[in-house]
Amino acid sequence: MKIVIYDNAEQVAEQAANIICQTIKNKPKTVLGLATGRTPLKTYQHLIEKNKQGSVDFSQVSTFNLDEYLGVKPCSENGYRFYMDEHLFKHININLENTAVPCSDLDKINQTCLEYEQQIKLCGGIDLQLLGLGSNGHVGFNEPSSSFASRTRVVALAASTLSDNSELLTGEPQTFDKAISMGIATILDSKEIVIIALGKAKAQAVASAIEGALSASCPASCLQMHANVTWLLDQEASSLLTQKRYYQLSQKLLA
Ligand code: GLP
């Protein structure tokens, strides 16, 4: 794993956007895996800027989002389709038909999960997956105890997730206690993964995921098994890592 520590969140976002743009330049038909939450917002702003300046073209890009609250309507402002439209898709030259957010209709939900996996495969798999990190170590909505072999499925959300996400939701947070999420095995199938963690609230999860044991108790520790992962951290998120000097030296070797 590459572990890169920046002075602040702005630099992290710039670097995440640069990696995404470079991937698209190398392969215009890139398949991106996308995340929601507070963490990638600045990265999306940079992507919008770069698209406006003409330095990245999304016209042939396809995207798959990691997750969606169960039963939420696509037009609901609590939903991740709304989030993606507002914070990225509306502002770039992407073909909306090539953007997928798991459909969380309760009818045929198991079928929907299977089809999401199939859709990803049909597109040739995810080239670059962008991840955020839950304060409890979740990736997507794969909460602690999620199997490393899990695939897209319906999941229950941990109490800590409900409380972390409550400020982003209008209405009773308890209504948003289930979701559909790509599984850990789905995420690990991506060719490349970039994970962003910002702020003190993520420091413990970052330390467990990078320096702790491989464990379902910290779902993000699964990334230790992937051959092409980059962690982009700010100072606060990296504050509990014990081997920072080593990560910096390794970075210099790669530069
Ligand atoms: C959310 C999402 C994740 C996200 C994470 C961190 O619940 N399901 O995809 O990465 O939790 O959220 P935030 O960036 O708001 O801290």
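Visitor: Which residues are the closest to the ligand?
Guide: This is a predicted model, where local features need pLDDT of at least 70, side-chain atom pairs need 80 or more, and totals for chains, interfaces and linings use all residues. Residues are numbered from 1 along each chain as its sequence is written, and side-chain values use heavy atoms, with hydrogens and water left out. The ligand is surrounded by 13 residues (a heavy atom within 4 Å). The closest are Arg38, Thr39, Asp67, Asn165 and Lys202.

Visitor: How far is an oxygen atom of the ligand from an N or O atom in the side chain of Lys202?
Guide: Let's go through the polar contacts (N or O pairs within 3.5 Å). Arg38 has a polar side-chain atom 2.8 Å from a ligand oxygen, and for His138 that distance is 2.9 Å. For Lys202, the distance to a ligand oxygen is 2.6 Å.

Visitor: How much of the ligand's area does the protein bury?
Guide: On its own, the ligand exposes 390 Å² (Shrake-Rupley, 1.4 Å probe). Of that area, the protein buries 95%.

Visitor: Which pocket does the ligand take up?
Guide: A pocket here is an open set of points on a 1 Å grid over the protein atoms alone, where a 1.4 Å probe fits, with protein on both sides within 12 Å along at least five of seven lines; lining residues have an atom within 4 Å of a point. To sit in one, a molecule needs more than half of its atoms within 2 Å of the grid points. The ligand's space is the largest pocket.

Visitor: Which helix gives the most to the lining of the largest pocket?
Guide: That pocket holds about 470 Å³ of space. Its lining has 25 residues, with Gly37, Thr39, Leu133, Asn165 and Lys202 closest to the centre. Four lining residues come from residues 159–165, a DSSP run (H or I, at least four residues). The top contributor is helix α5.

Visitor: And which helix gives the most to the lining of the second largest pocket?
Guide: This pocket has a volume of about 220 Å³. Among its 15 lining residues, Glu77, Asn78, Tyr80, Tyr83 and Leu168 lie nearest the centre. Five residues of the lining come from the stretch 80–87, helix α3.

How values were computed. A polar contact is a pair of N or O atoms within 3.5 Å; within protein, one must be able to donate a hydrogen and the other to accept it, and residues adjacent in sequence count only if both atoms are side-chain atoms. Grid points are joined across faces, edges and corners, and a volume is the space filled by probe spheres set on the points. Helices (H or I, at least four residues) and strands (E, at least two) are DSSP runs, numbered from the N terminus.
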